[in-house]
Amino acid sequence: MSTGEGSLSPYHLEGDCDILYQIGPAKFGCRTEDGQFDDQKARAIIALPQVKMVEIKLGQGAKPGKGGLLPKEKITSEIAAIRGIPMGVDCHSPNGFGEFHDAPSLLDFIARVRKLTAKPVGLKMVVGSIGEIAELCRAIREHGDGPDFIAVDGKEGGSGAAPLSLAEHVGLPLRDGLVAVDNALRREGLRDEVCVIASGKIATGADVATHIALGADLVHIARGFMLSLGCIQAMRCHTNTCPTGVATQSRWLQAGLDPADKGVRVHNYALALERDLQMITHACGLTHPAQLSRAHLVMNVSPGVRKSLVDIYPYPKGGRIHMRYPRAGQLGTEPAYA
């Protein structure tokens, strides 16, 4: 489970599940008073046994209030303590890290975080420029080290309460961004070294299968679990008046959320998601989702005209065949590349 950029809370630890600790530009939970990265605070969090990996979030899909804004009305003393922020004022997250400004300095920051832990350290981003992704992958190859994983978010990711102008028009859609990252890693011979995660409006087993076929090793899902929990996408996350009690600090509204009932629904959703993924995998004549490739996908491009996605999104020429898991060679291979 990802903490999100709001830092690690006691509630994350209560369930004793595996935690992905996310560090956003505001560096909540591991920041100095003036917003700089605090190595000692970060080390204390990352050292916890429940924390299994660290994600440096460069950016993600569209968010309420254009992103990075927590109104003062939603900041309780508890939230202030967890994030390390003052009460009584709106919390504005910066739109970027002050610790780095280009690919080499980003890799230096990854190395800085990695010195704090032996656990995997990766990135999360919305792809805005394919050229920048290519530059990052070249820098990783030249540097000889880099992120253990890259989580690719689509412009449609983030929150259902985000401004439509951002969710629909800023950044690449997940499918295009995912293919861009997968191809860039393949061209530089890094695909076996970096895990790729797809994130952004993935909710069904078919969505999972599609994005694994496009190049993801695994997926992040938030919206689907929010809906199973009771979210109705009222688009009021940032107003503190969520009518279902999911995204509010109002005790009266929170009373409408029954954890005992919703816990069963969340559990059933997770089981149905896995069942549907396996059903689609088997329907393709495969035994494991890792065998899915772009060749298994077909898109309608015009009335009566369909094309394979391996033609629409061709693999790089001369790219290495990537085996997602050590046993993938026993299960079958991806198509060879020209």
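A: Contact here means heavy atoms within 4.5 Å of each other, and the model in which the contacts are found is a predicted one. The largest nonpolar core has 59 residues, and those with the most contacts inside it are Tyr21, Phe37, Ile56, Val113, Leu136, Val181 and Val208. Valine 208, once its neighbours within four places in sequence are left aside, is in contact with Ile202, Val219, Ile221, Leu273 and Leu277. Another core, of eight residues, lies apart from the largest one and includes Ile75, Ile79, Ala80 and Cys91.

Val181, also listed for the largest core, is one of the buried residues of helix 7, as are Leu178 and Leu185. Because eleven of its 14 residues are buried, helix 7 is largely enclosed by the rest of the structure, and the elements covering its buried residues include helix 5 (130-143), strand 6 (149-153), strand 7 (195-199) and helix 8 (205-213). Helix 7 (residues 174-187) should span 20 Å at 1.5 Å a residue, which agrees with the 20 Å between its end C-alpha atoms; glycine 189, with a positive phi near 70°, follows this helix.

Ile56, another residue named for the largest core, has leucine 123 of strand 5 as its bridge partner, where strand 2 and strand 5 (residues 121-126) pair in the parallel sense over four bridges. Strand 2 (residues 51-57) is mostly covered, with five of its seven residues buried, and five bridges join it in parallel to strand 1 (residues 19-23). From strand 1 the chain passes through helix 2 (residues 39-46) to strand 2 in a right-handed β-α-β crossover.

Conventions
Residues numbered from 1 in each chain as written. Predicted model: local features only at pLDDT ≥ 70, side-chain atom pairs only at ≥ 80, totals over all residues. Heavy atoms only, no water. Buried < 20%, exposed > 50% of the residue type's maximum accessible area, 1.4 Å probe, protein only. Helix = DSSP H or I, 4+ residues; strand = E, 2+ residues; numbered from the N terminus. Pairing = 2+ DSSP bridges. Right-handed = clockwise from strand over helix to strand, strands pointing away. Core = buried A, V, L, I, M, F, W, Y, C linked by side-chain atoms within 4.5 Å. Expected span 1.5 Å × (residues − 1).
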